[in-house]
Amino acid sequence: MTQNILRQSAEQQFALEIEELKKQDKHSRPTNWLLSPQAVVQYLMGAKLDNGFEVSPKYIGNRRLMEIAVATLTTDRALLLYGLPGTAKSWVSEHLAAAITGDSSLVIQGTAGISEESVRYGWNYAMLLSAGPVAEAIVETPVMRAMKGGKIVRIEELTRIGSDVQDSLITILSEKMLPVPELNQQVQAVRGFNVIATANNRDKGVNDLSSALKRRFNTVILPVPASVEEEVEIVEQRVASFSKAIDLPVQKSISEEIRRIVTMFRELRNGVSTDGKTKLKSPTGTLSTAEAISVMNSGLALAYHFGDGSVKADDIASGVIGAIVKDPVQDKIVMQEYMETVLKQRDGWKDIYRACRDII
């Protein structure tokens, strides 16, 4: 049955790595942690263990950021992963929870319509009507389950949640307990409990965090990849993982196409060509690493199912246009200018220029 799952959780997909790290881990572990903080960072950044076992990198970037994130979770402060869309906030959050507690499934997805009951606890109303407010009638949320089990709970897109619901976290984070006034009781958090929240800075001003809530978090800002090489490596790794999950063969020649996608996205994101000679307008979208991964996955599928299996410019052009042209008027002009001033003039890029021109 596991073979038919489209996307396994991190603890399932990398169970062997976590188990091997656990065997080799010689450092002390905080209460209810599967691995020591040092081993968690090894899991995230990749490592070669003393017995020769290779741990694959999950995050490609600044190691110190991961050390700060892991160290935060050993304290009484919660962790807020902050940055642009597509900077691997959710990915890092999931892998942190998987390596620390072996369970990344305790998740609350932040939306504008989420209620306080989704964060604290709810009620089985049929039982509530028949038996009154009894403990058995409580519907536990991921937060309550994490508190009882000494685990990590993940809150995605914290700033999408309304301010009044956000503030229901304050007591949980500061007092490490969840009051249940209907029963005149409270749930005390078991050691090992903590919260990892994510927020993207494109949502600034939607539901800003109160100063009281901010004080309960240690914020780690995840930046966009520092170089083309770093971003290409991230895309290659994630595309390989996706292809393996759906049994899609990957051609060795995809590295060059990935580099072209990443280069285009970085130039438009930064508003200047790689050589620094041409200033460019930036589109309305973010053109994140996550979007580059999506474009490449789409290109692979097109090449495999409707081509000869080798990814060509025609296979990635539609994905590139779809990622860049979000506004049909403004972004289309940006793309057309970029095609004429950069793509058309660049040696060896005439095929991608023609493919994009035919679509746009």
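The legends below describe several close-up views of one protein chain in a predicted model. Residues are numbered from 1 along each chain as its sequence is written, and side-chain values use heavy atoms, with hydrogens and water left out. Because the model is predicted, local features are given only at pLDDT of at least 70 and side-chain atom pairs only at pLDDT 80 or more, while totals for chains, interfaces and linings use all residues.

**Figure 1**
Helices (H or I, at least four residues) and strands (E, at least two) are DSSP runs that are numbered from the N terminus. The C-alpha atoms of the chain fill a box of roughly 70 × 50 × 40 Å, taken along the principal axes. Of the 360 residues, 48% count as buried, where buried means under 20% relative accessible area, exposed means over 50%, and partly exposed lies in between, computed with a 1.4 Å probe on protein chains only.

**Figure 1. The largest pocket, which holds about 1300 Å³ of space.**
Rolling a probe the size of a water molecule over the atoms shows where empty space is left. On a 1 Å grid over the protein atoms alone, a pocket is an open set of points with protein on both sides within 12 Å along at least five of seven lines, a cavity is a set of points where a 1.4 Å probe fits but cannot get out, and lining residues have an atom within 4 Å of a point. Grid points are joined across faces, edges and corners, and a volume is the space filled by probe spheres set on the points. The largest pocket is lined by 45 residues, of which Q13, W91, R238, S241 and F242 are the closest to its centre. The elements that give two or more residues to this lining are α5 (89-101), α12 (228-245) and α14 (289-306), and the largest share, nine residues, comes from α12. By class, the lining has 21 nonpolar, 15 polar and nine charged residues, where Ala, Val, Leu, Ile, Met, Phe, Trp, Tyr, Cys and Pro count as nonpolar, Asp, Glu, Lys and Arg as charged, and the others, Gly among them, as polar.

**Figure 2. The largest cavity, which holds about 40 Å³ of space.**
The structure holds one cavity of 30 Å³ or more. The residues that line the largest cavity are L84, P85, G86, T87, V224, P225, R269, T286, S288 and T289, and they divide into four nonpolar, five polar and one charged.

**Figure 3. The aromatic pair of F14 and Y43, with K58 over the face of F14.**
Rings of Phe, Tyr and Trp (its six-membered ring) pair if their centres lie within 6.5 Å, and planes under 30 degrees apart count as stacked, over 60 as edge-to-face and the rest as tilted. F14 and Y43 are edge-to-face, at 6.3 Å centre to centre and with 85° between the planes. F14 belongs to the loop between α1 (10-13) and α2 (15-24), whereas Y43 belongs to helix α3 (residues 37-45), so the pair ties together parts that are 29 residues apart in sequence. Both F14 and Y43 are buried. K58 lies over the face of F14 at 4.8 Å from the ring centre; a charge sits over a ring if NZ of Lys or CZ of Arg is within 6 Å of the ring centre and within 35 degrees of the ring normal.

**Figure 4. The aromatic pair of Y121 and W123.**
This pair is edge-to-face, with 6.0 Å centre to centre and 85° between the planes. Y121 is buried, with a relative accessible area of 3%, and W123 is buried as well, with a relative accessible area of 13%.

**Figure 5. Helix α2, with its buried and exposed residues.**
In α2, the residues E17, I18, E20 and L21 are buried. Seen down the helix axis, the buried residues of α2 fall within an arc of 165°, so they line one face of the helix; the arc is that of the directions from the helix axis to the C-beta atoms. The face turned away from this buried side carries the exposed residues L16 and K23.

Most residues other than glycine have a negative phi.
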